[in-house]
Amino acid sequence: MFDDRARIISVAQQEHAQHFPRPGWVEHDAEEIMRNVLLVVRVALDKADLSPADLCALGIANQRETTVLWDRGTGMPVHNAINWQDTRTDRLCRELAGEFGQDMFRAKTGLPVTTYFSGPKIRWLLDNAPGLRERAEAGEVLFGTIDSWLIWNLCGVHVTDVTNASRTLLMNLETLDWDPDLLDALGVPAAMLPEIRASSEAYGEAGAPLAGVPVASALGDQHAALVGQTCFTPGDAKCTFGTGSFFVLNTGARPVTSDSGLLTTLGYKLGDQPAVYALEGSIAITGALVQWFRDNIGLIGSAPEIETLALTVEDNGGCYFVPAFSGLFAPHWRSDARGVIAGLTGYINRGHLARAVLEATAWQTREVVEAMNSDYGSQLSELRVDGGMTANNLLMQTLADVLDIPVMRPIVSETVSLGAAYTAGLAVGFWTDTGSLTQNWHKAAEWRPSMDGGLRDRGYRKWKKAVARAVDWVDDDE
């Protein structure tokens with residue numbers, strides 16, 4: 001919860017389980033997510049000694065692409081939610097690209113056909129759950145990303161916003177509506193799809209425990225962070241470092257087609273104002289690599305310990321870690337890639353591996369920034385960052401060194417939640433315009449580049465050699 005000066009009044013968080021039924025498959029329990037949302041609402045209100053009557057609006061920011069199908073009559077999910085990282089649709093995506101061509105999808109959606117996006121996940125469920133397609137065609141089964149699922153449960157309306165819809169491979173970037181050609185290509189019935197609305201408008205009033213509070217915004221998490229970082233001017237950019245990392249650059253009122261492996265997407269849409277577009281570089285595995293280093297390998301006991309371990313050595317010792325656990329996302333889009341540790345010698349110890357884990361985030365971000373500079377036609381001069389990994393000072397300094405630009409973190413690090421609050425507040429008049437939001441942004445920390453240019457170039461050259469060894473691993477019969 002935030003006040004009118006964007007100060008945090010109360011915070012509540014609750015982790016939910018991830019399910020891995022098969023290699024490459026990642027699922028969530030949509031009902032658990034809804035229960036957790038209601039729980040954190042109650043806890044946050046109790047912490048601040050507030051009631052729903054004290055709130056002017058509720059905003060939603062959610063993991064995008066994660067796909068939920070539920071029964072219109074009972075409201076019950078028909079399957080676990082398929083997470084954005086899930087790769088079960090790899091073969092289907094290759095078949096779709098072969099039949100219709102990547103260019104058709106890119107021209108209409110700004111996206112390549114990959115396992116990342118919701119449309120193929122819907123198709124997989126319709127193809128593999130007996131009787132589900134017929135029920136979907138009859139409008140008995142509904143689709144939504146997590147925002148739609150939450151709004152349905154809170155307000156009883158079936159809607160989504162333009163940012164979440166833009167990540168389905170089903171919405172036309174120009175019309176901001178579901179595209180009949182795309183629906184036909186993917187085999188998705190229009191009857192199961194939510195109405196597409198602006199990111200900032202009142203969708204309805206919530207029930208208990210928020211009875212009467214308007215639900216007034218919905219954005220994909222990375223779009224919410226763009227708003228939370230007040231990146232309202234074309235050329236402004238932010239990168240959120242969490243489980244994955246997501247670099248988003250505001251391109252203004254026109255979509256910019258990428259020739260460098262980036263995604264053309266919606267930035268946000270505020271009420272009746274024209275939509276704002278963006279370029280995005282999505283990196284699948286960054287913070288998740290630290291979690292893997294902790295949970296699967298056991299070389300650290302907690303995520304913050306990786307910085308301490310990495311500081312026991314001066315460099316990576318020539319070791320590079322390409323974390324292609326679910327393939328490589330931007331700018332490569334290689335679902336056939338898998339993780340590689342390159343440059344191992346007898347000299348390498350735990351500290352070098354810890355360095356390589358952190359540097360993997362920086363080098364992947366460097367690849368995206370180079371693509372962004374090429375597509376947008378100008379050089380990025382600074383980067384605003386947020387997300388849990390920004391608490392790692394060694395990583396942030398490494399990022400500034402690798403990018404050769406200043407990296408800045410705001411005082412309010414919960415920029416995803418703040419962006420949801422900003423758009424909800426704008427919808428109900430709590431804030432008057434984006435100018436009043438910009439005044440709330442204040443720098444908490446800044447890291448400036450200090451790496452020798454020759455060392456930077458050599459490290460990047462080695463990184464690209466390691467990436468070349470990660471691709472073309474998965475065979476067609478897998």
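**Close-up views of a predicted model**

View 1. Three strands make up an open sheet with mixed pairing, in the order β2-β11-β10, where strands are DSSP runs of E of at least two residues, helices are runs of H or I of at least four residues, and both are numbered from the N terminus; two strands count as paired if DSSP finds at least two bridges between them. The edge strands, each pairing on one side only, are β2 (58–62) and β10 (200–205). Neighbouring strands of this sheet are turned against each other by 35° on average, direction ignored, with axes taken as lines fitted to C-alpha atoms (for helices over the stretch in contact) and angles running from 0 to 180 degrees between N-to-C directions. The model is a predicted one, in which local features need pLDDT of at least 70 and side-chain atom pairs count only at pLDDT 80 or more, whereas totals for chains, interfaces and linings use all residues. Residues are numbered from 1 along each chain as its sequence is written, and side-chain values use heavy atoms, with hydrogens and water left out. Strands β10 and β11 (residues 214–220) run antiparallel and are joined by three bridges, and Glu-205 stands opposite Pro-214 in β11. Helix α6 (residues 146–155) packs on the sheet and touches β2, β10 and β11, its direction making about 150° with that of β2; contact here means heavy atoms within 4.5 Å. Helix α14 (residues 415–427) also packs on the sheet, touching β2, β10 and β11, with its direction at about 135° to that of β11.

View 2. Among the buried residues of α6 are Trp-149, Trp-152 and Cys-155. Just after the helix, Gly-156 takes a positive phi of about 80°.

**View 3. The seven-stranded sheet.** This open sheet has the order β14-β15-β13-β12-β18-β19-β20, with mixed pairing. Because β14 (263–268) and β20 (443–447) stand at the edges with a single partner strand each, one side of each is left without a neighbour in the sheet. The twist from one strand to the next averages 30°. Strands β12 (residues 237–241) and β18 (residues 383–386) run parallel and are joined by three bridges, and Lys-238 stands opposite Arg-384 in β18.

**View 4. The largest nonpolar core.** This core, a set of buried Ala, Val, Leu, Ile, Met, Phe, Trp, Tyr and Cys residues joined through side-chain atoms within 4.5 Å, has 105 residues, and those with the most contacts inside it are Met-192, Phe-247, Leu-383 and Leu-399. Helix α12 (residues 350–376) gives the most to this core, with 12 residues. Leaving aside neighbours within four places in sequence, Leu-399 is in contact with Phe-241, Ala-362, Thr-365, Leu-383, Val-385 and Val-407.

**View 5. The pair of helices α10 and α12.** Helix α10 (residues 287–295) packs against α12 at an angle of about 155°, with the axes 8 Å apart. The two helices, α10 and α12, are therefore roughly antiparallel to each other. Leu-289, Val-290 and Phe-293 in α10 meet residues of α12 that include Arg-350, Leu-353 and Val-357.

Terms used
Buried means under 20% relative accessible area, exposed over 50%, partly exposed in between (1.4 Å probe, protein chains only). Angles under 35 degrees count as roughly parallel, over 145 as roughly antiparallel, 65 to 115 as roughly perpendicular and the rest as oblique.
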